[in-house]
Each structure stands twice: as C-alpha cells, then as structure tokens.
Amino acid sequence: MPIGPARMPLFDHLGELRMRIVRIVVCLFVACCFFYLASPTVINLLMQPVLPYLPTNEDGTIALNVLGALDGFTIRFGVALWASLVACMPVVIWQILAFFLPALKPKERKWFIPTFAIACFLFVFGTVFCYFIILDPAMQFLTSQTAEFANVFPEAKTWIDTIIKFELGFGFAFELPLIVFYLCVFEVVPYSKLRQSWRTVYVALIVISAMVTPDASPVTMGLMAAVLIALYEISLLIARMVLGNRVKEQKKELERQAAEDAAWEEEWAEIKRKRAEEDK
C-alpha cells in the first residue's frame, strides 16, 4: 500500500480524506444493493434468537406486522445498510487507518496490520457475542414486562431496529481494548494512571453500557458492563506485557511525585504551625 508524505498542504489532506470517503461510500453502495435483495433472508436470520418471544403464524413463520405503506422499503433498506456496514467494516477500518498512517513514525507503522486485524476481529466478535449471548436474555426480560397486562403485537420496524441497535452497539463497544491499548502505547494516558483509576473507569464503563444498550434494562446493561470491564482488564494486561520497562518507569515516576507531594504537604503544615505559634 503506498504511503503518502507525512507533511502535506491542507487541501491535499482534504483531497485524500475525500478519496477514502468515496471508496467507503462506493463499497457500502455496492454491498447495500446486494443485501437489499437478500434482506428477507437477513431479517429471518436476525430474528432467530428472539423467536421464542414472538407469536408465530400457523405455518410457523414469524408474525411480524407492518403498519405503514413505506415501512417495507425502509425496513429492507435499513437491514441492507446494517448488513453492508458489517460486511464492509474491514474496508472502513482500513481506509481510516490508512489516512492516519503517514503521520506515524516508521517504527510505529509496524502496528498497522495487527491493528487492522484486531479491530476487525473485535467488531465481528462483538456482533456475534450480542447475537448468541445478549439478544435472548434481553428480549426475554423486555417481553416479560408486558406479560401481565398486554399481548405482544410485534411491529417489524421496531423489533428489527432494536436488534440492529444491539448489534452495532456491541460491535463498536468491543473496540474498547484497542483504544485503551493505544492510549497507553502513545502515552496519552499513562498505564499506571489507568491502573490506579480503575474505580473511576469501572463507573464510566457502566455509564457507557447504559448509554449504548438501546433498552437500558438491567440485564443487557449488566452483561455489557461485565464484558467491557473484562475487556478493559485484558487490554491493560496486554499493554503491560508490550510496554514492559516503560510501565515500571511510569510507576516509579508516580511514586516519586507522590513522595514529593507528601513532603510538600508536611512542609506546608510545618509553616502553618509556626505561623500559628507566632500569632499567639
């Protein structure tokens, strides 16, 4: 893959950005045309994990309902766009990483291919994890809330949109380990700081889980929070293994700063004590 110069005029950077966006859009357009034709099959596949919580017709098919004249088209287009995004995610990630590649140092460019492969794997793993692990308990909890006062009358657009939001939310959330790893590698946030602030990070991950999950139910929020915390710890472990001596140096620096702060506080306390004695 050709690598452009690190320094270019602003309009050249904008031109390169436009080129990469055009490639992404063309790829999504071609895939969307294909998946639009295959959208009934994709919809049936999407609905498989939630079949036990939906009414069915006499022939065993899902009893989904369409209320508007345009809903059929919008549902198929939305499903096609989601499927295209998942299928073209390697292209999207490649183009994004390739845009920033010229700004990296030669020794940092060796991380390009591993980063690309891991980013694709994490996104796909997140969607698969959601499909097989999350959707069933999530829909069981949600449909059980209406069991005592109403019957489930599934509208196709609402149910399919909810499932797609689940899939995309978990797919993007599973990119967390990569983000944490590079925060440590590029020293945006030191490893020791992330390690010491684990309580704050855990709370932030719980808040993110509540924001990402479309239903905000305790079941899905709890499952996502548990997974994100596990991924966060794994990413810190990998960062520590890769960084090695740098982590030890960061720890020593934090300890040195803590010792200096403690000494300054003792000195300031002594000064205040002497002033108090002089005032007497």
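**Aromatic contacts and cysteines in the model**

Colleague: Why is Trp94 called partly exposed?

Modeller: Trp94 has a relative accessible area of 26%, and because buried means under 20%, exposed over 50% and partly exposed in between (1.4 Å probe, protein chains only), Trp94 is partly exposed. This is a predicted model, in which local features need pLDDT of at least 70 and side-chain atom pairs count only at pLDDT 80 or more, while totals for chains, interfaces and linings use all residues. Residues are numbered from 1 along each chain as its sequence is written, and side-chain values use heavy atoms, with hydrogens and water left out.

Colleague: What makes Trp94 and Phe116 an edge-to-face aromatic pair?

Modeller: Rings of Phe, Tyr and Trp (its six-membered ring) pair if their centres lie within 6.5 Å, and planes under 30 degrees apart count as stacked, over 60 as edge-to-face and the rest as tilted. The count comes to 18 aromatic pairs by this rule; for Trp94 and Phe116 the centres are 5.0 Å apart with 90 degrees between the planes, hence edge-to-face. Trp94 lies in helix 4 (residues 89-100) and Phe116 in helix 5 (residues 112-144), so the pair ties together parts that are 22 residues apart in sequence; helices here are DSSP runs (H or I, at least four residues).

Colleague: How do you know that Cys33 is in no disulfide?

Modeller: A disulfide is a pair of cysteine sulfur atoms within 2.5 Å, and the structure holds zero disulfides. The nearest cysteine sulfur to that of Cys33, belonging to Cys32, is 6.3 Å away, and Cys33 is in no disulfide.

Terms used: Helices (H or I, at least four residues) and strands (E, at least two) are DSSP runs, numbered from the N terminus.
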